[in-house]
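Biologist: Let's go through this one together. I'll ask where the labels come from.
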Amino acid sequence: MSGLLDELYRLQERLRFVQSREKQRDTVPAELTEVDGAFREKLDTVGKLKQRLIEAELEHRRASAELADFQEKQKKYQTQLRNVQSSREYSAVLNEMDGVEKQIRTTEDKVLTLEEELETSRADLKKREDALPKETEEHEEKMKDWRAVQRGINEELETARREIADLEKTIRPRELAEFQRLLEKKGGLAVARVINASCSACHVKVRPAAMQSLKAGTEIIYCDSCRRILYYDHQNP
Ligand SMILES: [Zn+2]
């Protein structure tokens with residue numbers, strides 16, 4: 001039993017280690033947040049520009065197709081106008097012509113505005129993309145020391161994950177599942193050390209009889225108060 005508890009305690013410790021190290025690795029240090037933020041903004045702007053270009057190209061294609069349709073209609077009315085039989089029919093077609101001409105003017109404006117936007121945005125994007133390799137290089141140079149720290153953390157994480165996998169293979173599936181369930185319920189702390197005959201998680205005294213069982217290591221003892229598995233470390237009581 002004490003073997004199992006040692007393993008569970010070690011597993012929990014390794015899992016907590018991974019969690020805190022991952023957080024550390026993914027948190028840019030305070031002195032670099034501004035530098036990193038500025039660079040991320042540059043990447044973000046390029047991404048947004050690309051996205052907007054795709055949309056504007058689509059809008060431009062649609063507007064151009066619309067314009068072609070209106071021009072087609074205009075031609076149709078022009079033909080009709082040459083073949084009208086009465087003055088009533090004439091003014092009706094003229095009215096339609098008027099409407100379609102207005103639509104043509106509006107759509108032409110739209111097409112032109114989009115063309116201007118596309119031209120400006122393409123130039124802007126090219127300028128930004130051309131500058132990016134050098135900016136990336138400069139940014140990585142500023143982040144160099146931090147990248148080394150991150151690599152170091154990744155190596156530690158790899159070792160810890162291997163140990164976790166080994167421990168998980170050692171522990172029986174049923175006991176592992178029970179531990180994982182408890183871990184989830186108790187915010188990552190399923191096994192609590194007993195220090196000065198108290199549960200170190202909730203600080204409630206452990207009953208003398210439970211203390212005796214713990215020391216004997218014959219069964220799993222749960223804290224009366226927080227229901228965590230109690231762990232009595234024989235090496236560091
Ligand atoms: Zn407790």
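Modeller: The crossing of helix 2 and helix 3 is left-handed. That label means the near helix is turned anticlockwise from the far one by less than a right angle; clockwise would be right-handed. Helices here are DSSP runs of H or I, at least four residues long, numbered from the N terminus. This is a predicted model: local features need pLDDT of at least 70, side-chain atom pairs count only at pLDDT 80 or more, and totals for chains, interfaces and linings use all residues. Residues are numbered from 1 along each chain as its sequence is written, and side-chain values use heavy atoms, without hydrogens and water.

Biologist: Why is helix 2 called roughly antiparallel to helix 3?

Modeller: Helix 2 (residues 30–82) and helix 3 (residues 87–142) pack at about 160°, with axes 6 Å apart. Axes are lines fitted to C-alpha atoms, for helices over the stretch in contact, and angles run from 0 to 180 degrees between N-to-C directions. Angles over 145 degrees count as roughly antiparallel. So helix 2 is roughly antiparallel to helix 3.

Biologist: What makes S213 count as buried?

Modeller: S213 sits in helix 6 (residues 208–216). Buried means under 20% relative accessible area, exposed over 50%, partly exposed in between (1.4 Å probe, protein chains only). S213 has 18% relative accessibility, so S213 counts as buried.

Biologist: Which residues is S213 in contact with, leaving aside its neighbours within four places in sequence?

Modeller: T218, E219 and I221. Contact means heavy atoms within 4.5 Å.

Key. Helices (H or I, at least four residues) and strands (E, at least two) are DSSP runs, numbered from the N terminus. Angles under 35 degrees count as roughly parallel, over 145 as roughly antiparallel, 65 to 115 as roughly perpendicular and the rest as oblique.
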